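Reader: Hi! I am new to reading protein models, and I would like to go through this one with you step by step. Could you help me?

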Amino acid sequence: MSIVKTKLDRRSFLKASALAGGGMMLSFSWLAGCKPSPKEVALGLPDEWFEMNAFIKIGENGAVTLFNPNPEFGQNVKTSMPMILAEELDVDWKNVWVEQADFYPERYGRQFTGGSQSIRQGWQPLRTAGATARAMLVAAAAQSWNVPANEITTESGVLIHQASGKKAGYGEMASLAATLPVPEEVELKDKKDFKIIGTSKKNVEVNKILTGKPLFTIDYKKEGMLVAMIEHAPAFGMRLKSFDAAEAKSMPGIKDVFSFKVHQDDYEHNFFDTTTHYEMIAVVGNTTWEVMQAKKKLKAEWEVAPERSIMQSGFGGNASKVKIPAGLESSEGHRARMEEFSKKPGNILRRDGDPEAAFKKAAKILERTYNAPYLAHNCMEPVTCYAHVTADQAELYGPIQAPEVISNTLSARLGLPKEKIQINLARMGGGFGQRAYGHHLVEAAVISKQVGAPIKMVYSREDDMTYGIYRPTYTATYRAALDENNKLLALHVKAGGIPETPIAPNRFPAGALDNYLAEGWAIESNITIGAFRAPRSNFIASAEQSFLDELAEEMDKDPIDFRLELLERAKTNPVGSNNDYDAERYAGVLKLVKEKSNWGQSEPGIHRGVSAYFCHNSYVAEVLDLRLEGNKPVVENVVAAVDCGIVINPDAAANMGEGAIVDGIGNAFFGELPFKDGVPQKNNFHQYRMIRMAEAPKKVEVHFVKNDIDPTGLGEPLFPPIFAAVSNALYQATGRRLYNQPFMKELESEITRM
Amino acid sequence: MATFNLNINGKTQIVDVDPNTPILWVLRDHLDLVGTKYGCGIAQCGSCTVIMDGNAVRSCSIPVSAAEGTKITTIEGLSEKGDHPVQKAWMEHDVPQCGYCQAGQIMSAVALLDNNPNPSDTDIDNAMNGNICRCGTYVRIKKAIKTAANS
């Protein structure tokens, strides 16, 4: 049992009514289909709700509503975050229903989905909120029964005073509890007493998803709402010159056609304001199909844009000038420039020992270069947003991972104070990092303001795929110095990309090597990039873990044993002091995957690859088994071992892990977005190959290390290591090391060359 | 514009739209049946899958003019209470992540099982290969189809 101060969490106890001026609760009419129906909760709907705090309402009948603070994009926080509340509140899950909180940072604090941080950063605040509400219910019972509070226990929504035999449901005490002062300190449960955390609960929205209820922004409708689509420049580095709207405007059902600026010219951008196209054309009409037809009739002229600069603040806040270069870029040019930069010295990001001297005296040097292309996120729900902007307020409903950041942007763009802007959080049809960037909310708001009506803006798939905010293209060169006895003397990595380096300099294998050098470089570009499931890690893990596999072979060591040796060194006698990983936990997942995959036992026709990585505070090791059907690789099985501390919702956590593995295999095999003269060379799924059922592994097992360490996230960590598990297994199968993603393309070209 | 008599989920629906309007947008914009999703508009992702006369079809690429005289079932018409064996199997395996593609996945699975009650892995791969799940829930989808086949 631990005692925590409620202070940090006290804003969640502000009542909505006490917040006049501090936050606005617009009467946002959500579709009837999305309200919980009484039958969904065992106790049914109460007559009255009593608000314990921002996260918790209790009805007089004992029914409980829990609010999920963070945006849901498939990572299942809408189930797992309320599970944490329910645990400390001590209620029966069957009496709980869950609602999505609107964006309301004054009450909820951090409402951000990204970096696999929801559970990690929500853990303490949610436990505290649940425990505090429980303490207030106990205090209400103590007052009603005139007994000391510390003699009262709770059990699944029931207050009990053993000595007097008194019992009451939470519902009976809720109205009094809601009026009591919030305690300064509360007790949290012992982890061993958890009843909900660690047990699998179904996705709270699964029923609505399976029956086609309106859930997503694209499903949203409101009286008088128009549909808007946009036309953006066909290429990066181009801008609008002029357009003729006459024909489009004359099409059936069309209300208006106009160009608009997404930001004002002197706007100081924040971190998530990444904008590819500063001026666009909007087509607004009655129905989606009519707008799609009118869009085809637009006659727009585009011109090459000059170089420009914007002011943009970093993740920490400080603004700096960012150059957007002119030019129509192509993948071929990118490759040549990256090769050129690879050969020049980079910025030294970490240097341990004397790596240069070690390379000088090396008997053998192993050097390999790895490349990966740009990737498009391709969320299944294309970019979309509802907005209703009037002279004095704005209401938005959209898929957004970072609502707080975009609320500042909207305030600046619309000239409205933040409390007059209500952002409601839609379930997202995928996000993967891309929905952290809220350009679509600004675009929808500007369009709504211009037409003076509520609008739902929908991108076509082509508009979505060609908009930008991609996973960058990267290259990494690894070098290892070996002595005459094949002992590893030094490791050197130089890696860069357009427009960033993928290196995390204090991450393994830094810390495990006496002589280590990490250099980074970057090339600027007008092709916009953004977070993509485990940014940077999703490439550097593939390069590093492929290289370690090849190095282990060169040193005649088992690839798992080799990694364990390095980790043992990092644990017992670490080099440097800033290493950002726990070597023991890292080794733990390798040991677990070794055991669970029966590593070392071979099966005819099955080729295995192993890979491991630490990022976003969690540790993962994966073993992938494939066989060749002719020349075609077929993934049979993937075994993953994960250490993310306490697992809140095990089956959902496994689902997340399976998905990340499938996603990674798909991108490793097929993912690629090339450019020619600034134009993305793929604009829909007939060109952009995504993994499909037949290419998915036949089986995926996700095993969790059992411990009681505070939980960390899962959305990203299983994704980066799978790329190298694929390439390492392909090497075992084909005898060829693959250095260029996507691997199927390289594999096919290798086969053609033979 | 023209008037069309449609049979959707066993009900007659009359719409007055451009004959080229895909069934997808008639469902979503005119009939408020938004369970059928827009994903690509070119029959490549399967998010818009509905069942037309017993077959899984991509509603984004079939004009409403071709729908008259056919029977269309959408996700909303699969069952009254969400208890179609395929929906139940999806629930049992807690398949969805973001959930956006799942209506299309379910409709493809229903059409598969209606035509082939005991599909092999290859049958499943073939029938489901037109449906993309960006979250990568394929392993669970396959398990759910097998569960539904056995129920």
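This is a predicted model: local features need pLDDT of at least 70, side-chain atom pairs count only at pLDDT 80 or more; totals for chains, interfaces and linings use all residues.

Reader: How far apart do the C-alpha centres of domain 2 of chain A and domain 3 of chain A lie?

Author: Residues are numbered from 1 along each chain as its sequence is written, while chains are lettered from A and ligands numbered from 1 in the order in which they are written. Chain A is divided into domain 1 (2-211), domain 2 (217-310 + 383-458) and domain 3 (539-753), with bounds that come from an automatic or database domain assignment. Between the C-alpha centres of domain 2 of chain A and domain 3 of chain A, the separation is 38 Å.

Reader: And how far apart are the C-alpha centres of the two domains of chain B?

Author: Chain B is divided into domain 1 (2-75) and domain 2 (85-149). Their C-alpha centres are separated by 21 Å.

Reader: Which strand of chain B gives the largest share of the side of domain 1 that touches domain 2?

Author: Contact here means that the C-beta atoms of two residues, placed from the backbone, lie within 7 Å. By that rule, 15 residues of domain 1 of chain B are in contact with 13 residues of domain 2 of chain B. Strand 3 (49-52) and strand 4 (55-58) of chain B each supply at least two residues of the domain 1 side, where helices (H or I, at least four residues) and strands (E, at least two) are DSSP runs numbered from the N terminus. The largest share, 3 residues, comes from strand 3 of chain B.

Reader: In what order do the helices and strands of chain B run?

Author: Chain B has 5 helices and 5 strands. Read from the N terminus on, its elements go β-β-α-β-β-β-α-α-α-α.

Reader: What radius of gyration does chain B have?

Author: Along the principal axes, the C-alpha atoms of chain B fill a box of roughly 45 × 25 × 25 Å. The radius of gyration is taken over C-alpha atoms, and the globule rule is 2.2 Å times the number of residues to the power 0.38. For 151 residues, a compact globule would have a value near 15 Å, and chain B agrees with this, at 15 Å.

Reader: Which helix of chain A gives the most to the side that touches chain B?

Author: Across this interface, 47 residues of chain A are in contact with 45 residues of chain B. Helix 5 (206-211), helix 7 (288-296), helix 16 (650-670) and strand 32 (699-704) of chain A each supply at least two residues of the chain A side. With 7 residues, the element that gives the most is helix 16 of chain A.

Reader: Is A:Asn378 buried or exposed?

Author: A residue is buried if 20 or more other C-beta atoms, placed from the backbone, lie within 10 Å of its own, exposed if 12 or fewer, and partly exposed in between. A:Asn146, with a positive phi near 60 degrees, has 8 other C-beta atoms within 10 Å, so A:Asn146 is exposed. A:Asn378 also has a positive phi, near 55 degrees, but 24 other C-beta atoms lie within 10 Å of A:Asn378, so this residue is buried.

Reader: Which residues have the most contacts inside the largest nonpolar core?

Author: A nonpolar core is a set of buried Ala, Val, Leu, Ile, Met, Phe, Trp, Tyr and Cys residues joined through C-beta atoms within 7 Å. Helix 3 (residues 118-145) of chain A gives the largest share of this core, 11 residues. The core has 280 residues, and those with the most contacts inside it are A:Ala228, A:Val283, A:Ala445 and A:Val589.

Reader: Which residue does A:Pro742 follow through a cis peptide bond?

Author: One cis peptide bond joins A:Phe508 and A:Pro509, with omega about 10 degrees, and A:Pro509 lies in the loop between strand 25 (488-498) and strand 26 (516-522) of chain A. A:Pro742 sits in the loop between helix 17 (720-734) and helix 18 (743-753) of chain A. With omega near 0 degrees, the cis bond to A:Pro742 comes from A:Gln741.
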